[in-house]
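Here's a quick briefing for anyone meeting this structure for the first time. Take a look at the sequence and the model, then read on.

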Amino acid sequence: MKPNPVVWFEIYVQDMERARRFYETVFQCTLQPLAAPAGPDGGLQMLSFPGDMSTMGASGALVKMEGAPSGGGTLVYFACDDCAVEQGRVEAAGGQVSKPKFSIAPHGHIALVVDTEGNCIGLHSMQ
């Protein structure tokens, strides 16, 4: 297995515009439309996070797909300079803070938050 083996993630959502507003507000970024893969897409909608697959770390997208529930599955951690900053934007963006910033010394700090679609995500920073 390669170091940092995760190369892609998908966060399933039920309301794409509501989820877009949440992630763009919390992370102060712009999500980009991503074309569905070739073949029947069944109404697939995708918005990708900034990044590319040629550098360390995983890129990913919000995905709305028929029959794909949100609110469960793998926990994704987003890198932050100070996770308290992004945590501070969560409630105003319609989400909830599940576990405020806390130390995981010597590996930095994390916070757990829930997006507008019921997905729990992690925020990580060394500060």
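Which residue forms a salt bridge with Arg18? That's Glu117, with the closest N and O atoms 2.6 Å apart. A salt bridge here is a side-chain nitrogen of Lys or Arg within 4 Å of a carboxyl oxygen of Asp or Glu, and by this rule the count comes to four.

Before going further, bear in mind that this is a predicted model, where local features need pLDDT of at least 70 and side-chain atom pairs count only at pLDDT 80 or more, while totals for chains, interfaces and linings use all residues. Residues are numbered from 1 along each chain as its sequence is written, and side-chain values use heavy atoms, with hydrogens and water left out.

- Glu117 sits in the loop between β7 (109-114) and β8 (120-125), while Arg18 is in helix α1, so the pair links parts of the chain 99 residues apart (helices are DSSP runs of H or I with at least four residues, strands are runs of E with at least two, and both are numbered from the N terminus).
- Glu117 is buried at 8% relative accessibility, whereas Arg18 is partly exposed at 32% (buried means under 20% relative accessible area, exposed over 50%, and partly exposed in between, using a 1.4 Å probe and protein chains only).
- Lys101 forms a salt bridge with Asp82, and their closest N and O atoms are 2.7 Å apart.
- This pair also links distant parts of the chain, 19 residues apart: Lys101 is in strand β6 (residues 96-103), and Asp82 is in the loop between β5 (76-79) and α2 (83-90).
- Lys101 is partly exposed at 29%, and Asp82 is buried at 17%.

- Glu17 is partly exposed at 42%, but Arg20 is buried at 19%.
- Glu24 joins Glu17 and Arg20 in a network of salt bridges.

**The four-stranded sheet**

- An open sheet of four strands runs in the order β1-β4-β3-β2, with mixed pairing (two strands pair if DSSP finds at least two bridges between them).
- β1 (8-12) and β2 (32-33) stand at the edges with a single partner strand each, so one side of each has no neighbour in the sheet.
- Strands β3 (residues 45-48) and β4 (residues 59-64) pair in the antiparallel sense over four bridges, and Leu47 stands opposite Leu62 in β4.
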